[in-house]
Amino acid sequence: MELQFLGATGTVTGSKYLLTHRNSRLLVDCGLFQGYKQLRLRNWSKLPFEPSSLDAVVLTHAHLDHSGYLPLLVKNGFRGPIFCTPATSDLCKIMLPDSGRIQEEDAEHANRHGRSKHSPALPLYTEADAFRCLDFFKTRELHEDFEPAVGIRASMLRAGHLLGSAMIRFLIGNTGILFSGDLGRPHDLLMQPPENPGHADFLVVESTYGNRLHDAVDPIEQLGAVVRRVAARGGVIIVPAFTVGRTQQLMYCLSRLKATGKIPADLPIFLNSPMAVDATEIYRRHSSEHRLQPDQCSALFNIATMVNTVEQSKSLNKRSGPMLIIAGSGMATGGRVVHHLKAFAPDPKNAIILTGFQAGGTRGAAIQAGADSIKIHGEYIAVRAEVACMSNLSAHSDRGETLAWLRAFEVPPRRTFITHGEPDAADALRRGIEESLHWNCIVPDYLERATLDAPAEVA
Ligand SMILES: [Zn+2]
């Protein structure tokens with residue numbers, strides 16, 4: 001039994017783990033690298049195995065840093081099943097084609113403006129490639145037992161991070177291997193808490209916030225204070241957000257704030273994402289996975305004006321404040337929010353609210369670090385707008401919450417692999433686990449292989 005780390009090492013992106021047992025080969029997650037250019041370039045390099053030699057892929061959740069490489073895997077020859085929960089499958093049906101579309105648009109934009117060093121600039125994959133990979137999806141319910149490859153049994157547990165998100169437990173003979181995927185929080189505004197892990201011989205755990213605790217502030221109050229302040233001065237508020245998950249959380253907060261009179265009832269709110277309507281429908285369909293009642297679901301989506309076409313999106317940039325625009329992508333790496341930042345970041349009257357983890361190398365991380373300009377479409381755009389960071393809206397458990405989840409293990413795993421964190425965060429979680437739980441931990445490197453059937457090691 002062997003595990004190879006093909007991503008999410010030293011970074012929160014590119015999650016891909018190759019699990020091999022005899023002739024069976026599984027890929028756990030199939031994500032895109034994002035952020036630093038040297039990471040993004042890995043999306044273009046050949047995988048260290050033939051995609052056609054894989055038996056199956058098992059997905060933890062739909063975020064692109066866990067699913068966004070699938071269209072390329074299929075394009076390069078993979079023909080096996082892609083197992084995931086029904087909600088993850090529904091989300092991938094809108095997110096993967098959208099990802100392909102954005103890459104085509106970016107390549108086209110680069111060619112039109114002669115910005116690419118490659119001529120012509122090519123998309124990593126197209127919308128058509130993404131639609132093709134959807135044919136290989138096979139859904140499994142949480143807790144359902146299945147055999148994705150000969151000799152490897154699997155089941156999924158609720159992770160509470162995003163609609164459909166799951167931890168995956170594999171059983172090979174008597175050996176259990178648990179992948180936490182992205183771990184949600186015990187008291188999320190919308191999501192149910194992650195399930196207790198039970199037992200595993202080997203654990204792969206994420207460490208996005210391994211070195212940090214989220215602010216113990218009420219996110220609704222915190223958001224309300226910024227919105228009130230900026231709206232009072234007639235400013236525009238730009239909120240980069242994933243269309244699924246973070247956007248619904250924000251809309252829930254905004255609907256609470258409007259209902260209680262804490263922000264102006266007539267403040268225009270725009271949800272600028274062609275996927276938003278579909279995402280709403282998916283939330284309605286999978287009501288058991290979140291805490292919203294059906295009427296809350298409807299109320300939440302009625303507070304924003306949906307922006308569908310590119311023309312509507314562009315016309316927002318000519319409009320004056322006060323108004324609030326939610327648009328993807330969450331780390332401002334692409335998508336429509338980039339155009340809004342170009343239009344509104346230079347004016348100190350405006351504000352940018354960052355609500356999630358901003359991976360190193362992204363525009364979001366630069367804004368968070370206080371950069372006075374960011375590069376958009378080849379030119380430097382001044383950032384004079386107010387910047388507010390709201391970590392308590394995070395969909396990832398923080399250091400304390402992760403350690404509390406780990407304490408629920410029935411017996412310590414024989415070995416714990418710490419992944420999905422930038423180097424400081426992963427190492428801090430390693431120290432935290434070693435010092436407080438005395439477990440045997442490893443922070444693996446990119447492409448590192450680990451043999452899993454070794455006898456228990458002395459820690
Ligand atoms: Zn995620």
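## Cores, domains and a pocket in a predicted model

In this predicted model, the largest nonpolar core has 74 residues, of which Val-57, Leu-70, Leu-73, Phe-137 and Leu-254 touch the most other members. Domain 1 (2-212 + 395-451) and domain 2 (219-393) each contribute at least three residues to this core. A nonpolar core here is a set of buried Ala, Val, Leu, Ile, Met, Phe, Trp, Tyr and Cys residues joined through side-chain atoms within 4.5 Å. Buried means under 20% relative accessible area, exposed over 50%, and partly exposed in between (1.4 Å probe, protein chains only). In soluble globular proteins, nonpolar side chains tend to be buried together.

Residues are numbered from 1 along each chain as its sequence is written. Local features need pLDDT of at least 70 and side-chain atom pairs count only at pLDDT 80 or more, while totals for chains, interfaces and linings use all residues; side-chain values use heavy atoms, without hydrogens and water.

The table lists contacts (heavy atoms within 4.5 Å) of two residues, leaving aside neighbours within four places in sequence.

| Residue | In contact with |
|---|---|
| Leu-70 | Cys-30, Val-57, Leu-59, Ile-82, Leu-96, Cys-133 and Phe-137 |
| Val-443 | Ile-418, Ala-426 and Arg-430 |

Val-443 lies in the loop between β21 (441-442) and β22 (449-451). Helices (H or I, at least four residues) and strands (E, at least two) are DSSP runs, numbered from the N terminus. Because its relative accessibility is 32%, Val-443 counts as partly exposed. Val-443 and Ser-288 are 155 residues apart in sequence and 35 Å apart in space, C-alpha to C-alpha.

The C-alpha centres of domain 1 and domain 2 lie 26 Å apart. Their contact takes 34 residues from domain 1 and 35 residues from domain 2. The domain bounds come from an automatic or database domain assignment.

The second largest pocket has a volume of about 240 Å³. Among the 20 residues that line this pocket, Tyr-209, Arg-212, Phe-357, Gln-358 and Gln-368 are the closest to its centre. On a 1 Å grid over the protein atoms alone, a pocket is an open set of points where a 1.4 Å probe fits, with protein on both sides within 12 Å along at least five of seven lines; lining residues have an atom within 4 Å of a point. The volume is the space filled by probe spheres set on the points. Both domains give residues to the lining, so the second largest pocket lies between them. α12 (363-368) and α14 (423-437) each supply at least two lining residues.
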